[in-house]
Amino acid sequence: MPSPESAIDPLADHKFTNALTDESSPYLLQHAHNPVDWWPWSDEAFAEAIERGVPVFLSIGYSTCYWCHVMERESFENEQIAQQMNEQFVCIKVDREERPDVDEIYMAATQIFSGSGGWPMSVFLEPKSRKPFYAGTYFPPEPRYGRPGIGQILDSLSKAYRDRHDEVVEQADSIAQAVKEQVAGSHDPVAVGRAQVTRTTAGLLQRFDRTNGGFGDAPKFPQPVYLEYLMDMRAVTNDETVEQIDAVLKTTLDNMALGGINDQIGGGFHRYATDAIWLVPHFEKMLYDNAQLAHVYARASKIYNDPFYARVVRRTLDYVLDEMSGPGEPGATGFFSAQDAEVDGREGLNYLWMHGEFDGVLGADAGFAARVYGLDAGTNFQDPHHPDEPARNVLRIDARPGQVASTMAMSDEAFVERLDAVNAKLYAARQARKQPRLDDKVLCGWNGMMISGLVAGGEALNEPRYIEAAEHAGEFLYTHMRTENGQLARAYRDGKVKIPGVLEDYAMCVQGLLSLHRSKLSRNGSSLPRAIELMEQAHQMFGDADGGYHDTRADRDDLFVRSRSVYDGAVPSGIGVMFANLVELAELTEDDRWIDRAVGALRSMSSPIARNGIGVINSTRQLLAMLGMREMIGDRYQFLDDEVEGSEEQQEQGAVHVFVDTDEITVGDDTPAEFTVAIEIDAGFHIIAADPGEGESAALLVPMRVGLISGSGIAVYADYPPGVEYGVDTVGTINVHSGRIEFTVAVEKASGVGVNPGEPLIGLSYQACTDTACQQPRTVQLNIAVKID
């Protein structure tokens with residue numbers, strides 16, 4: 001079997017070499033021989049920028065990111081562009097999977113500055129404070145796609161930093177303050193109860209795609225956190241709601257398992273589908289997806305006593321043990337992070353087939369396989385980036401195996417046996433091809449999720465080898481993924497651990513250990529005491545006075561803000577998993593310590609739950625669980641049992657008051673929606689207009705913007721009113737608003753738009769000023785629920 005393509009060949013001759021050669025991250029090593037003089041995130045890099053008197057260019061991505069690869073090929077391997085970068089900036093590369101804390105705060109800055117975000121992330125920093133003064137995502141080598149070329153950006157920002165340094169620093173301070181408000185703000189507790197659970201359930205049922213399964217339109221993410229919530233809700237609700245939930249679960253799980261998002265040959269799920277029908281995936285495979293989906297299908301196989309779901313569990317877990325585990329016993333050195341989407345710059349090339357290839361590999365079975373996997377219906381994939389490539393097929397199945405077997409006059413057993421034999425031949429042929437890159441770093445948090453998935457699968461299938469792999473991985477995390485001071489490490493590769501763990505690492509590792517403790521097949525008696533030990537460490541390092549948790553330690557002096565993210569995306573939030581651990585420990589032990597802390601976590605998360613229960617679905621799950629623990633909780637918390645009114649229409653932020661004319665909109669394929677925003681600005685203040693003007697001063701202020709601040713699936717446009725010219729200086733005027741303004745915002749259903757999966761949240765960013773000073777930029781969430789038909 002050929003090895004996956006490595007990130008770097010240490011024996012090859014290279015024209016260029018930079019400081020990333022000493023790193024262990026496969027993503028950083030991919031850039032180790034760019035002509036760009038990359039530095040890793042380090043004090044030394046920022047010291048270099050300070051000494052040279054230049055700003056920092058920070059590029060954040062990950063090893064399986066398609067547009068990261070594109071920007072590398074177009075710009076970072078371009079010697080002319082690299083020379084410009086090296087002369088004008090100190091350039092730093094960050095693997096977002098190694099440093100989710102770094103990624104989160106600069107993603108917030110990017111969203112505040114540009115109204116959207118994504119990877120690769122391109123952020124320009126003032127090196128003394130590490131605060132951002134300009135941010136974007138992908139920039140082409142020359143102007144196109146309505147974006148400026150990277151060279152223009154570099155020249156403009158280098159000149160501003162040199163000639164108008166004080167204003168750059170002021171701008172960096174302003175954006176940093178806005179980031180702090182967005183990612184580090186706490187919320188006053190509110191009463192929550194059954195009403196929030198009911199509303200969240202209704203919201204998910206409304207978003208359900210009744211034809212194809214899943215939630216919303218393309219791109220389709222599996223969103224296992226939603227499915228887990230619905231399985232929890234199913235156990236405690238009425239028969240009518242159970243029937244609706246069953247429709248959601250069965251339709252979604254069936255269509256995902258039958259579609260191209262599920263690797264029909266090798267097992268395991270790709271990251272998401274680019275369409276609404278789960279056919280054509282974005283071909284990267286992530287450990288966290290397969291961990292969560294194995295858990296979901298294992299639960300579903302038990303709820304519905306369904307052998308098809310059990311087969312999906314087995315194939316998913318076997319894929320992880322075979323392809324995402326190092327030598328030796330599966331899990332003994334942890335599980336790898338990801339497999340790339342492309343081979344030789346071609347999207348999904350390893351997973352695609354042509355009819356003639358079936359003939360060559362399968363012989364007499366080719367016709368059977370072509371019928372089962374849809375090749376006899378014609379091709380279904382054309383590489384959008386290489387239109388001259390021949391059309392190929394993503395493999396998918398039209399119906400459940402039993403139904404297909406019936407149409408072919410075969411028994412279920414005979415059909416599955418023949419299909420398995422065909423898959424074995426196709427898999428052997430596929431493994432002889434050039435393989436996608438493998439990101440073989442081991443991430444503590446993702447491995448914790450994988451342990452939970454293995455335990456769930458082992459229990460559902462009565463398969464001890466999955467439990468054994470989970471035990472090996474748990475032992476590895478607890479024993480070997482440690483920093484020099486004995487704390488959990490974030491990442492491990494080639495025997496190196498150097499990055500301290502963040503909240504999600506502790507929370508998910510504990511979750512895995514608690515799964516092992518619950519398992520009847522596990523022989524490891526140390527899982528619970530180890531889980532409690534790590535929970536205490538996490539409480540000391542990440543806990544705060546209001547019962548919530550920060551994402552990072554208080555002693556991280558390389559970050560300008562200590563974040564506390566609450567929203568669940570493709571990877572659940574650290575606080576949501578920590579909350580779940582507290583609830584589980586309270587139920588297991590009935591110890592006041594865990595009950596009190598679970599109640600504290602509920603208070604901390606009550607405002608986000610009340611505002612957007614779907615966005616913080618893991619925390620809403622814990623509210624649901626705690627509603628069943630009223631006797632244990634006693635008078636520690638007074639649940640709200642009455643329905644609550646909708647969210648306030650007015651949002652006040654100091655001198656600026658924001659109003660919207662509705663609390664809910666619905667968008668569909670051909671049905672956009674509109675609403676009106678009114679902004680009242682106190683006397684003596686003005687805000688920067690959406691078009692701030694052409695002067696250099698305007699470039700250093702944050703213009704008014706309405707856009708997505710979380711979630712995906714919509715595009716937001718605004719008919720901004722023109723500003724009024726304000727002030728005269730040597731570099732031009734600035735356009736501003738004062739008094740009251742109103743404008744219309746249009747929202748369209750837009751597949752693929754958004755940084756992360758989940759409920760779309762719309763926000764307004766602005767910067768208020770007086771005649772003598774400007775306040776920090778602010779981003780406020782508009783209290784509008786968006787429903788996508």
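Two strands are said to pair if DSSP finds at least two bridges between them. Helices (H or I, at least four residues) and strands (E, at least two) are DSSP runs, numbered from the N terminus. The structure is a predicted model, in which local features need pLDDT of at least 70 and side-chain atom pairs count only at pLDDT 80 or more, while totals for chains, interfaces and linings use all residues. Residues are numbered from 1 along each chain as its sequence is written, and side-chain values use heavy atoms, with hydrogens and water left out.

Strand S17 (residues 664-667) and strand S28 (residues 785-788) run parallel and are joined by 4 bridges. Within this pairing, Thr 666 lies opposite Lys 787 of S28.

S23 pairs in the antiparallel sense with strand S19 (residues 686-688) over 2 bridges, and Ile 688 stands opposite Val 736. S23 also pairs in the antiparallel sense with strand S22 (residues 724-726), over 3 bridges. In that pairing, Tyr 726 stands opposite Ile 734.

An open sheet is formed by 5 strands in the order S1-S3-S2-S4-S5, with mixed pairing. Its edge strands are S1 (38-40) and S5 (131-136), each of which pairs on one side only. Neighbouring strands of the sheet are turned by 30° against each other on average, direction ignored. Axes are lines fitted to C-alpha atoms, for helices over the stretch in contact, and angles run from 0 to 180 degrees between N-to-C directions. S1 and strand S3 (residues 90-95) run parallel and are joined by 3 bridges; Pro 40 has Lys 93 of S3 as its bridge partner. Helix H2 (residues 43-52) packs on the sheet and touches S1, strand S2 (56-61), S3 and strand S4 (121-126), and its direction makes about 160° with that of S3. Contact means heavy atoms within 4.5 Å.

The loop between S4 and S5 contains Lys 128. This residue, Lys 128, is exposed, with a relative accessible area of 66%. The C-alpha atoms of Lys 128 and Ile 50 are separated by 6.7 Å, although the two residues are 78 residues apart along the chain.

Helix packing is considered next. Two packed helices are described by the angle between their axes and the distance between the axes. Angles under 35 degrees count as roughly parallel, over 145 as roughly antiparallel, 65 to 115 as roughly perpendicular and the rest as oblique. A crossing is left-handed if the near helix is turned anticlockwise from the far one by less than a right angle, and right-handed if clockwise.

The axes of helix H18 (residues 464-480) and helix H20 (residues 527-542) come within 12 Å and cross at roughly 40°, which means that H18 is oblique to H20. The crossing of these helices, H18 and H20, is left-handed. Glu 475, Tyr 478 and Thr 479 of H18 make the contact with Arg 530, Glu 533 and Leu 534 of H20. By class, the contact of H18 with H20 comprises 2 nonpolar, 1 polar and 3 charged residues. Ala, Val, Leu, Ile, Met, Phe, Trp, Tyr, Cys and Pro count as nonpolar, Asp, Glu, Lys and Arg as charged, and the others, Gly among them, as polar.

H20 is also packed against helix H22 (residues 592-611), where the axes come within 13 Å and cross at roughly 45°; H20 is therefore oblique to H22. The crossing of H20 and H22 is left-handed. In this contact, Ile 532, Met 535, Glu 536 and His 539 of H20 meet Arg 593, Trp 594 and Arg 597 of H22.

Helix H12 (residues 307-323) and helix H16 (residues 412-431) pack at an angle of about 25°, with their axes 15 Å apart, so H12 is roughly parallel to H16. The crossing of H12 and H16 is right-handed.

Conventions. Buried means under 20% relative accessible area, exposed over 50%, partly exposed in between (1.4 Å probe, protein chains only).
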